[in-house]
Amino acid sequence: FPQRVEQLWIDLYERSYIELDDVVALQKWLEALIAMDYKFPELKPRIRNVALMGQFNYADFPNSMTQIMMWSQKMRERFQTAIAAAPFNKTQLVYLEAHRI
């Protein structure tokens with residue numbers, strides 16, 4: 001939590017919303033809270049039930065399935081559900097379903 005607050009203030013400073021003195025004051029305040037063993041609240045993810053959809057208009061190129069598999073794997077690192085949409089043929093559909101796409 002403290003690192004996220006500090007980064008937010010640094011970002012605000014870098015965009016000229018606040019002054020460097022404000023960032024330094026925040027850092028000292030956070031250090032004081034840490035020194036007195038203040039228990040910062042846990043950050044909970046706010047995004048739930050997200051479905052990410054990728055549209056592939058041309059799925060007939062030789063490396064299309066490889067690209068779709070790589071896209072799906074990357075998206076699943078951050079999202080629970082990834083959906084690939086394209087004019088897939090039956091062979092491609094069987095392949096994708098076997099890989100839970």
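The face of helix α2 turned away from its buried side carries the exposed residues Asp-21, Lys-28, Glu-31 and Ala-35. These assignments rest on a predicted model. On the buried side of α2 are Val-23, Leu-26, Leu-30 and Leu-33. They cover an arc of only 85° around the axis, which puts them on the same side of α2. The cover over the buried residues of α2 includes helix α1, residues 2-14.

The length of α2 can be checked against its residue count. Helix α2 runs over residues 20-35, and its 16 residues, at 1.5 Å a residue, should span 22 Å; the C-alpha atoms at its ends lie 23 Å apart, so the two values agree. After α2 comes Asp-37, which has a positive phi, near 60°.

The helix belongs to a wider arrangement. The protein has 4 helices and 2 strands, and their order along the sequence is α-α-β-α-β-α. Among contacts in the protein with a separation of 6 or more, 54% join residues 24 or more positions apart.

Of the protein's 101 residues, 22% count as buried. The accessible surface of the protein amounts to about 8600 Å², and carbon and sulfur atoms account for 54% of that area.

Note on methods
Residues are numbered from 1 along each chain as its sequence is written. This is a predicted model: local features need pLDDT of at least 70, side-chain atom pairs count only at pLDDT 80 or more; totals for chains, interfaces and linings use all residues. Side-chain values use heavy atoms; hydrogens and water are left out. Buried means under 20% relative accessible area, exposed over 50%, partly exposed in between (1.4 Å probe, protein chains only). Contact means heavy atoms within 4.5 Å. Accessible areas come from the Shrake-Rupley method with a 1.4 Å probe; for residues, only the protein chains shown count as cover. The expected span of a helix is 1.5 Å times one less than its number of residues. The arc is that of the directions from the helix axis to the C-beta atoms.
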